[in-house]
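Please keep the view open while I talk.

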Amino acid sequence: MTKQVQQLDRVIIRFAGDSGDGMQLTGDRFTAETAEFGNDLSTLPNFPAEIRAPAGTLPGVSSFQLHFADHDILTPGDAPNVLVAMNPAALKANLSDLPRGADIIANSDEFTKRNLAKVGYTESPLDDESLSEWRVHSVPLTSLTVKALEDFDISKKDAERAKNMFALGLLSWLYHRPVEATIRFIESKFAKKPDIAKSNVAAFNAGWNYGETTEAFSVSYEIKPAKLAPGIYRNISGNQALAYGLIAASVQAKLPLFLGSYPITPASDILHELSKHKRFGIRTFQAEDEIAGVGAALGASFGGALGVTTTSGPGVALKAETVGLAVTTELPLIVVDVQRAGPSTGMPTKTEQTDLLMALYGRNGESPIPVVAPATPSDCFAIAVEAARIALKYRTPVMLLSDGYLANGSEPWKLPEIDDLPDISVDFTTESNSDDGTFLPFKRDAETLARPWAVPGTPGLEHRIGGIEKADGTGNISYDPNNHDLMVRLRQAKIDGIDVPDLEVDDPSGSARVLVLGWGSTYGPIAAALRRVRKAGGQVAQAHLRHLNPFPKNIGEVLKSYDKVLLPEINLGQLALLLRAKFLVDIISYNRVRGLPFKAEELAGVIQDVIDSE
Amino acid sequence: MSESLNGKGLALIPRAEAKQTMKEFKSDQEVRWCPGCGDYAILAAVQSFMPELGIKRENTVFVSGIGCSSRFPYYLNTYGFHSIHGRAPAIATGLAASRPDLSVWVITGDGDALSIGGNHLIHSLRRNVNLNILLFNNRIYGLTKGQYSPTSEIGKITKSTPMGSLDKPFNPISLALGAEAGFVARTLDSDRKHLQSVLREAVAHRGTSLVEIYQNCNIFNDGAFEMMKDPETRDAITVRLEHGQPIVFADQAVRLARTGGVEVVPRASVREEEILVHDVHNPDPSLAFALSRLDEPAFAHVPIGIFRSVDRPSYDQLMNEQVAAATTQKGQGSLTDLLHGGDTWRIG
């Protein structure tokens with residue numbers, strides 16, 4: 001049977017199932033195949049905090065969305081063209097996101113009376129007319145998988161569990177994906193269980209063959225590779241890029257990395273990743289709590305290591321006092337906050353940009369620290385190196401604000417040339433810095449205002465530092481009022497004087513009167529929205545902040561050169577508050593705090609409204 | 001596994017080239033404790049003890065938390081870090097784990113170590129990083145002006161407990177033994193010879209050593225340990241633990257009790273072989289724990305000396321061995337290989 005092949009420029013697929021159905025793995029593998037094929041892509045996993053919520057229920061639904069195209073894309077996509085629903089709950093939870101006319105591939109085996117009842121369906125939507133506006137492909141994925149594996153010496157349960165590989169095989173056929181790497185992946189993942197490995201490969205192949213032979217799918221789709229800048233690429237998630245960036249920082253700084261961390265969603269993968277790379281001299285310490293994590297990192301910094309702690313919002317709250325100690329002792333430290341929905345426990349697996357003000361001001365006393373934020377998953381690499389550069393050069397804790405969307409989302413990453421990475425090495429102080437031969441631990445560099453970093457083991461420079469106010473220069477305990485005023489101002493001036501690149505503005509028209517400003521993970525959705533607006537003839541400029549403290553020196557000038565500045569944030573206007581206060585600019589704030597990234601279509605509407613109101 | 005460092009707390013720390021003096025270990029800072037404070041005696045004992053170790057002064061670090069005792073690092077001419085309340089063990093852990101060439105000391109008090117920092121204390125003990133923790137126990141909050149502490153006796157009348165405190169105190173020795181500590185000892189601020197003999201053993205232990213030092217706060221809890229100092233009473237209550245020796249004091253002796261613990265009985269009433277012989281290396285901590293309970297009710301009998309000294313590999317050693325093993329097995333990390341690992345593809 002010859003099947004029709006249709007060309008598409010882009011597709012958005014969402015895999016959805018029970019949290020035990022292996023949807024994240026299925027999505028990951030489909031992404032790897034897509035990356036290998038050469039499409040541009042962007043992914044969005046979405047899963048519950050519960051590891052295994054009750055099977056078949058709405059809270060237990062886990063999904064993975066992948067957007068891939070023959071051109072460069074900026075977001076995981078607003079609405080799926082294809083939904084793979086492994087059970088009725090997955091269908092019900094995702095149907096409202098699905099535009100009319102989209103494809104639904106449903107595992108009909110799971111649409112049993114019991115499973116339907118769990119989510120409040122009285123009739124199977126596969127059998128009645130309720131899905132008539134979508135193209136439904138009802139496929140008995142479970143029983144087809146079990147049948148395909150009947151010759152294998154595995155339990156029925158193990159056979160059923162391979163249904164996600166059957167689905168992956170089917171989708172791989174449908175979109176002409178290369179399969180060899182997936183087969184190799186399955187074989188290596190189950191290397192210790194050869195029967196399981198063979199049966200999963202068989203299920204995957206059965207899914208592919210089913211697509212090719214069944215009449216249920218008459219069309220398959222081709223999406224040509226994207227024309228991206230020349231180079232070597234790999235697919236990477238934000239957390240992995242961040243871990244690699246920290247390793248690169250350690251190499252470029254010529255300092256051993258010490259990570260003190262306590263497991264917390266969605267930051268734990270950075271701890272896991274770094275723990276695998278001990279041969280870079282990396283020490284990872286799983287502490288008894290968040291406070292010990294940052295304390296150990298600061299202790300290691302005192303000893304001359306690149307001290308890092310990784311956490312999410314609740315952890316930052318606990319670490320605040322130690323970060324203040326790092327501020328006043330002026331030691332390098334990197335604090336990574338992978339933001340999640342708050343307050344308190346909030347929604348651990350959902351994304352938010354609500355920790356900006358805490359990062360800047362969430363400590364006692366005047367305790368300024370630099371804050372940086374990556375714009376995309378792969379930018380987490382560069383921003384980690386930048387955080388280390390600032391921390392080491394200025395002897396200060398630096399807050400790095402990633403978020404759940406960047407952490408778990410992935411995109412192709414053009415690998416940097418190692419030779420292009422900045423040299424961020426610093427010299428430890430080894431000699432006295434005063435005329436009388438004593439060591440003055442708080443005598444500052446005239447240009448950077450950084451204090452000398454003399455590590456234990458250096459003879460003649462023995463000194464004591466601590467949380468009590470220190471006399472300028474000597475670092476001895478001081479309660480002198482004028483000295484305190486001086487030290488407060490010096491610490492502030494040091495942070496204000498950090499060298500930060502200028503804010504770049506993208507305005508293809510050259511005559512835009514509206515600027516859309518963003519920070520952190522909103523880069524992709526804003527840029528995608530701007531494309532739509534510009535395509536429709538709208539003139540609009542874009543600027544994106546990676547440095548939140550200090551701001552780029554030209555930011556005030558940029559803000560004042562537009563009639564209107566629109567600032568979308570996944571919070572209630574935290575950056576807008578700062579910009580209004582510092583630059584007296586009437587920022588137009590656009591805020592949604594739903595635990596999800598912005599949709600490009602939604603932002604495009606907001607931007608167009610602002611342009612139209614000119 | 002590399003060569004065992006058990007019992008060699010100073011093995012990786014560079015030796016001083018010349019003989020050092022007590023004076024070299026004194027900093028130029030004016031000591032600011034209340035006149036008559038027990039901390040002075042401890043400071044002098046430590047300053048005069050340090051040269052004996054023969055390690056480089058610059059490889060010595062004192063880390064402290066918050067409280068009167070935590071000012072200690074300012075008065076020693078070594079590297080020092082006066083940190084925040086309760087967190088000194090955590091900070092010292094990062095330092096000692098990443099720098100096995102340093103002799104790292106933690107100076108803490110009963111409030112700092114057992115109240116706000118209780119979590120870090122117990123985890124350092126079980127983890128066994130190469131630290132010497134000196135816990136100054138004065139059974140009161142001094143720096144905040146006299147509230148009861150987690151080692152104050154029940155019913156303590158203080159500013160925050162005008163009708164008496166309600167909570168049962170910690171016994172720091174029992175707590176440390178319960179937290180899997182490898183080295184646990186108790187000594188007294190005023191007994192320099194005993195204090196230094198305990199420090200000597202604590203330093204030799206590679207891993208976390210906990211030394212509880214009874215310390216008099218002459219302002220808010222004066223005379224808390226007077227019974228152990230007064231010549232009239234001290235010998236009758238102080239039980240000096242010595243490894244390999246029968247546990248006897250005054251005219252009393254310690255033997256196994258039928259209840260499972262240990263008990264104090266008149267020496268004349270027991271045969272010599274019934275008297276418990278102290279074994280600091282006993283792998284089973286039960287007897288050490290039982291000895292720590294001789295202090296119930298408070299000051300009935302107070303054992304001092306080393307309760308337990310049992311070697312096991314220290315955390316820092318194991319951590320550094322993993323780093324070394326990863327490097328030996330896979331070679332030193334290459335950034336290019338790291339970034340180009342996984343599935344890559346070329347465009348253009």
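This is a predicted model: local features need pLDDT of at least 70, side-chain atom pairs count only at pLDDT 80 or more; totals for chains, interfaces and linings use all residues.

Buried area, as I use the term, is the accessible area (1.4 Å probe) that two parts lose on being put together, summed over both. On that definition, about 5400 Å² is buried between chain B and chain A, with carbon and sulfur atoms giving 63% of it.

Residues are numbered from 1 along each chain as its sequence is written, chains are lettered from A and ligands numbered from 1 in the order in which they are written, and side-chain values use heavy atoms, with hydrogens and water left out.

Back to the interface: with contact taken as heavy atoms within 4.5 Å, 59 residues of chain B touch 72 residues of chain A. Two salt bridges are found across this interface, the rule being a side-chain nitrogen of Lys or Arg within 4 Å of a carboxyl oxygen of Asp or Glu. One of them pairs Arg127(B) with Glu288(A), at 2.8 Å from N to O.

Which parts of chain B supply the side that touches chain A? Strand 2 (79–82), helix 2 (88–98), helix 4 (118–127), helix 10 (315–330), helix 11 (335–340) and strand 12 (344–347) of chain B each give at least two residues, where helices (H or I, at least four residues) and strands (E, at least two) are DSSP runs numbered from the N terminus. Helix 10 of chain B has the largest share, eight residues.

Points are joined across faces, edges and corners, and a volume is the space filled by probe spheres set on them.

The whole structure holds five cavities of 30 Å³ or more, and the largest cavity has a volume of about 100 Å³. Its lining has 14 residues, with Leu44(A), Pro45(A), Thr349(A), Lys350(A) and Thr351(A) nearest the centre, and both strand 3 (40–46) and helix 15 (404–408) of chain A supply at least two of the lining residues.

The second largest pocket holds about 760 Å³ of space. Among its 36 lining residues, Thr376(A), Ser378(A), Asp379(A), Glu411(A) and Pro412(A) are closest to the centre. Strand 3 and helix 15 of chain A are again among the contributors, as is helix 14 (379–394) of chain A.

Finally, the backbone. A cis peptide bond joins Thr265(A) and Pro266(A), with omega about 0 degrees, and Pro266(A) lies in the loop between strand 10 (257–261) and helix 10 (268–275) of chain A. In chain B, Glu296(B) and Pro297(B) are also joined by a cis peptide bond, with omega about -5 degrees.

How values were computed: On a 1 Å grid over the protein atoms alone, a cavity is a set of points where a 1.4 Å probe fits but cannot get out, and a pocket is an open set with protein on both sides within 12 Å along at least five of seven lines; lining residues have an atom within 4 Å of a point.
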